[in-house]
Each structure stands twice: as C-alpha cells, then as structure tokens.
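Look at the fold first, then at the side chains. The text below takes the model from its overall layout to single residues.

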Amino acid sequence: MGALVFSLASKDLAENIVGGFALQAWDAFDVGDDVKLGDGTEGTVKKIGLVETEFVGYDSINVRIPNAQLSQRISNLSRIKQSRMKQPLRFKYSDLDKLPGVLNAIKKEIQASCPKLITVDKPFLAVMTQYEPDHIQAVVICHFEIAPGTTEFMDNRQQVLLSIAKAVKESGVEFALPSIYYKTNDSSLL
C-alpha cells in the first residue's frame, strides 16, 4: 500500500517538475507578466517554481497552480501589442435609408480622432449585421496599435464611443431603445 501511495505521489511530482521545465523552455511567461489561463484565471505571475507557479489575481488573491496543469491555453497579456474593440449598435427602422451614410460617418469620425487605428491587414468595419423585430443591428469593429487593458486603451475606447455618438448625432438619427415583448396564450390580451 505504501509503495502505491509513493508511486502515485511521485508521479504527480514528476509531472509538475517536467511541467516546470517545459514552462521555462517554452518561455510562455515571465515573473511580472499579466496572463490569462484557459480556465479563466487572470493575474500577474509572482513566482515560477519547479513544482508550481504562483499568480496574484487582480483581486489581490494569491493562487498557486501545479505546473502540470499549466499546459492548458495560456495568453500572455503583457506581450500583446494590439487591441480590438467591437461595439454593437441598434438603430430604428425609420432610419434605414440613412444608415449607410451614418455608418460611413462613424468610420470617418473614428479615423479622424484615433491616430493609432489600424486600417491595413485588420478589419475596420461599421456595417449593418441583421434585422431584429424592434431594431436594425449594426456593429463597429476596430483594431489599434495599443496594448489592451491599459489606460491608453480605455481612453481610446472612450474616444471611439464619443466618435460614434458624434457621427450619429450629426446624421440626425437616434439609437433604438430595447423593446420588451411579452408572449402570452391569453387571447383577451391581444
């Protein structure tokens, strides 16, 4: 029985040690990097050990994860140099004929106010995407030469939103507000 327990424990220990060497060889992250793991865990790498790696979550909670479990998907947020923004928009059906001009104006306003906008090799879109019962759905997709999660990214995101609002206002259209539909089987309510 003791031999079985020892062999199982040493198997886990060996897997974690091999995982630690693999992390070092793979160079997936370094101490101080912000990372996001496949299970949704996010934080800053505090210590990379032989058996486990320690992270400090954005909520200041330390988390230790065995190295063998770190072979899952890892995103090193510290090494990302470009960001993406996707903003859905809702327009009224009464403005359908104005939407191509509005969407064009949105793109021009974003280009004029966001100098780090990427327009080559990445999609820069302001397009209608579908008809819904109470509105026309559109989307704006932009990419920027700005690292995500930074103050510069948040300022840029705000500028994009202000650019959209300005273009919509100057075009004389309004956003559609969500409607609430109730489905009932009671015919007296119809």
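This is a predicted model: local features need pLDDT of at least 70, side-chain atom pairs count only at pLDDT 80 or more; totals for chains, interfaces and linings use all residues.

Residues are numbered from 1 along each chain as its sequence is written, and side-chain values use heavy atoms, with hydrogens and water left out.

The protein has three helices and eight strands. Both are DSSP runs numbered from the N terminus: helices are H or I with at least four residues, strands are E with at least two. Along the sequence the pattern reads α-β-β-β-β-β-β-α-β-β-α. Of the 190 residues, 31% are buried. Buried means under 20% relative accessible area, exposed means over 50%, and partly exposed is in between, with a 1.4 Å probe and protein chains only. Contact means heavy atoms within 4.5 Å. Among contacts between residues at least 6 apart in sequence, 63% join residues at least 24 apart.

Now the interior. A nonpolar core is a set of buried Ala, Val, Leu, Ile, Met, Phe, Trp, Tyr and Cys residues joined through side-chain atoms within 4.5 Å. The largest one has 24 residues. Phe91, Ile106, Ile110, Val140, Phe144 and Ile164 have the most contacts inside it. Strand E6 (83–91), helix H2 (99–113), strand E8 (136–144) and helix H3 (151–171) each supply at least two of its residues. A second, separate core holds nine residues, including Val35, Val45, Phe55 and Leu70.

Take Ile106 in the largest core. Neighbours within four places in sequence aside, Ile106 contacts Leu89, Ala126, Val140, Ile164, Ala167 and Val168. Cys142 sits in strand E8 and is buried, at 0% relative accessibility. With residues up to four places away left out, Cys142 touches Ser83, Arg84, Met85, Ile110, Leu117, Pro123 and Phe124. Its C-alpha is 8.1 Å from that of Lys122, 20 residues apart along the chain.

Next, H2. Which of its residues are buried? They are Leu99, Val102, Leu103, Ile106, Glu109 and Ile110. Seen down the axis of H2, the buried residues fall within an arc of 125°, so they line one face of the helix. That arc is taken over the directions from the helix axis to the C-beta atoms. An α-helix has 3.6 residues a turn, so residues three or four places apart point the same way. On the other side of H2, Pro100, Lys108 and Ala112 are exposed. The cover over the buried residues includes E6, E7, E8 and H3. H2 has 15 residues and reaches 21 Å from first C-alpha to last, close to the 21 Å expected at 1.5 Å a residue. The expected span is 1.5 Å times one less than the number of residues.

Charges come next. A salt bridge is a side-chain nitrogen of Lys or Arg within 4 Å of a carboxyl oxygen of Asp or Glu. The count comes to nine. Arg79 and Asp33 form one, at 3.8 Å from N to O. Arg79 lies in the loop between strand E5 (74–76) and E6, and Asp33 in the loop between helix H1 (2–26) and strand E1 (34–37), so the pair ties together parts 46 residues apart in sequence. Asp33 is buried at 13%, whereas Arg79 is partly exposed at 38%. Glu152 and Lys116 form another, at 2.8 Å from N to O. Glu152 is in H3 and Lys116 in the loop between H2 and E7, so this pair ties together parts 36 residues apart in sequence. Glu52 and Arg64 meet at 3.6 Å, N to O. Glu52 is in strand E3 and Arg64 in strand E4, twelve residues apart. A network of salt bridges links Lys46, Glu52, Glu54 and Arg64.

Some residues deserve a separate look. Asp95, in the loop between E6 and H2, is buried yet has no salt bridge. The nearest side chain of opposite charge, Lys98, is 4.1 Å away. Here Lys and Arg count as positive and Asp and Glu as negative; His and the chain ends are not counted. Ser60 has a positive phi, near 70°, although not a glycine. Ser60 lies in the loop between strand E3 (52–57) and strand E4 (62–66) and is exposed at 59%. Asp121 also has a positive phi, of about 70°.
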